[in-house]
Amino acid sequence: MKNKLRVGIIGTGNIGTDLLIKIQRSKYIECSIFTGRNLASPGMSKAASMGIRLSDQGIDAVVSEPELCDIVFDATSARSHLIHAPILKKLGKFVIDMTPAKVGVLCVPAVNLEEAVNAQNVNMITCGGQASTPIAYAISQAHPEIEYIETISTISSRSAGPGTRINIDEYIDATEKGLRIFSGAKETKAMLNLNPATPAIDMQTTVMAEIKNPDLKRITIEVEKMLREIQKYVPGYQMVVPPTLDNNRMQITVRVQGLGDYLPKFAGNLDIINCAAIEVAEHFAQKVQWELGDE
Amino acid sequence: MSSSNILLYDTTLRDGSHAIRHQLTKEQIVRYARLADSAGVSVVEVGHGIGLGASSLQIGKSLLSDEKMLCAARENLKNALLGVHAVPGYATVGKDLAKAIDCGVDVIRVAAQCTEADTTEQHISYVRGKGRRVYGGLMMSHMISPEMLVQEALKMESYGAEGVTILDSAGTFLPDDVTERIGLLTNALKVPVGFHGHNNLGMAIANSLAAVEAGAHIIDGSICGFGGGAGNSSIELLTAVFAKHGINTGVDLYKMLDAADVAEEIFSVLPKITSLSIVSGLSGVVSVFSKPVARAAELYNVDPRDIFIELGRQGAVAGQEDLIVEVAQALAGRE
């Protein structure tokens with residue numbers, strides 16, 4: 001591809017910085033502005049060492065120079081995104097929201113990538129949502145009648161930045177909403193454990209559902225199909241407990257190892273949401289190029 | 001600080017939930033709440049074992065909703081405060097804390113794993129804003145150094161916690177471990193410090209006494225230890241031992257002993273130190289895993305002690321019940 005689509009990243013914490021590193025490998029997008037509040041943050045230092053254009057003006061860096069980018073990743077907080085979303089909409093930017101603000105279309109690339117790239121604002125749910133909702137979706141393909149489904153993720157304490165911690169209630173709300181939308185279950189529940197262990201544990205996500213007379217064979221086929229889809233953009237996504245029954249309670253557990261870009265490999269939580277977001281951005285970029293007849 | 005005034009925090013109707021797979025009934029709540037109230041405990045904590053919003057397939061669905069449990073207790077407490085446990089990641093402000101306050105809860109203990117104090121800021125400040133008493137709790141407190149524990153407790157204090165309790169969730173501390181930690185905490189914090197013991201190694205009472213001697217003012221206990229795994233510090237024993245040591249708890253010893261006499265009748269099962277809970281304590285695995293570990297060991301025909309040791313190696317914490325199945329399956333595959 002000749003012209004890469006330019007993206008701006010707002011928010012220079014773990015998520016923003018890891019996105020930046022991943023974008024360096026992309027054939028379709030490039031980062032033209034990395035903007036936050038504090039030029040001395042570790043993320044800013046990393047970006048500076050990579051020769052990326054920086055700003056400490058947050059979203060104003062994009063507002064004052066709108067032609068700087070076509071895509072904006074918002075990696076700030078749910079509260080900030082509620083303020084940013086209308087501004088970016090007015091500027092006509094394609095927005096990929098990394099916070100649990102749930103303003104736009106909730107997206108799991110393995111399920112609804114096409115819908116997402118035709119929206120203006122795409123919400124990446126949460127890390128636990130990226131890991132669990134596609135599994136819930138796969139289960140619902142086999143058992144559309146499921147009424148209740150839940151998920152629990154355990155992530156290493158060292159992989160959770162201050163944004164994740166302060167947004168913990170929003171994390172739960174967004175993950176539950178994602179589960180409802182993608183599984184069709186009336187009632188959903190999401191939980192999050194932060195684990196202090198050293199050495200740090202890998203991200204682990206479990207989906208549980210109560211199913212009478214479950215068709216385990218059919219569920220396994222659907223889940224394995226989904227695994228292959230997800231592994232296309234999250235290579236470290238693996239099933240560690242296949243569909244397993246204890247009375248009517250069915251459990252499926254996945255483990256996510258990261259690529260080890262900005263944080264070490266145990267931070268699969270960071271990786272899965274970022275890999276998913278990059279997938280959306282690249283797909284959008286390809287769509288734009290195709291529409292421009294540039295291929 | 002003098003150690004003359006100790007607040008006995010009764011966790012029977014919360015930690016005990018783990019001992020009966022979260023099947024606490026209204027009758028049990030009503031009956032025990034009355035006994036504890038009349039004995040003079042300061043706080044009666046009620047709810048699911050992991051607190052508000054934790055009823056789930058993962059940990060166990062409770063028989064009654066959080067509100068039903070809290071309301072049943074509320075109507076039967078005259079002097080004791082009604083307490084509830086809340087862990088961010090399970091309990092949200094909007095869905096759970098607001099509801100608990102509507103049910104008339106007086107005290108909310110917002111607890112987090114020992115490294116996660118900063119997940120409690122929203123929750124603690126919300127409870128403060130509502131004018132209810134709020135404490136912080138640091139679970140699995142053996143997993144980090146005493147110095148780091150102090151840093152986490154200071155964060156909770158800065159958010160508005162009116163006391164911070166450390167939980168020996170795995171029942172792995174010996175008295176010296178408690179003395180060191182509580183000593184550092186009471187020196188660093190302006191608010192009262194508390195201790196929550198588990199009895200895996202038979203140390204719950206000795207540890208609680210060590211905590212008081214090092215300056216703790218809030219001590220958790222359950223009737224006959226009714227709680228997760230090997231159980232908690234027995235509150236009737238705490239009452240007796242503290243009385244003998246000249247520490248005032250405000251609890252009527254005979255009434256507490258009367259409650260202990262009927263505890264088995266009320267709850268059917270009382271915890272005891274089994275070989276499995278000893279292994280759990282030694283491997284530093286959260287005590288409340290004993291029931292799900294026993295279940296997985298039975299399903300996959302593996303030695304539950306091997307499961308505990310592997311969970312300990314992986315640093316599992318409460319809430320990671322899904323890991324038990326994975327570990328059991330892996331052990332079964334190895335054989």
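This is a short chat about the predicted model shown above.

Visitor: What should I know about numbering and the cut-offs for this predicted model?
Guide: Residues are numbered from 1 along each chain as its sequence is written, and chains are lettered from A and ligands numbered from 1 in the order written. As the model is predicted, local features need pLDDT of at least 70 and side-chain atom pairs count only at pLDDT 80 or more, while totals for chains, interfaces and linings use all residues.

Visitor: Which domains does chain B have?
Guide: Domain 1 (7-267) and domain 2 (275-334), with bounds from an automatic or database domain assignment.

Visitor: How many residues are in contact there?
Guide: 21 residues of domain 1 of chain B touch 17 of domain 2 of chain B; contact means C-beta atoms, placed from the backbone, within 7 Å.

Visitor: Switching to helices, how do α12(B) and α14(B) pack?
Guide: α12 (residues 290-300) and α14 (residues 321-334) of chain B pack at about 30°, axes 9 Å apart. Helices are DSSP runs of H or I, at least four residues, and strands are E runs of at least two, numbered from the N terminus. Axes are lines fitted to C-alpha atoms, for helices over the stretch in contact, and angles run from 0 to 180 degrees between N-to-C directions.

Visitor: Parallel or antiparallel?
Guide: α12(B) and α14(B) are therefore roughly parallel (under 35 degrees; over 145 is roughly antiparallel, 65 to 115 roughly perpendicular, the rest oblique).

Visitor: And what strand order does the chain A sheet have?
Guide: β3-β2-β1-β4-β5-β7-β6, an open sheet of 7 strands with parallel pairing; pairing takes at least two DSSP bridges between two strands.

Visitor: Which strands stand at the edges?
Guide: β3 (54-55) and β6 (105-106) of chain A, each with a single partner strand, so one side of each has no neighbour in the sheet.

Definitions and conventions. Contact = placed C-beta atoms within 7 Å.
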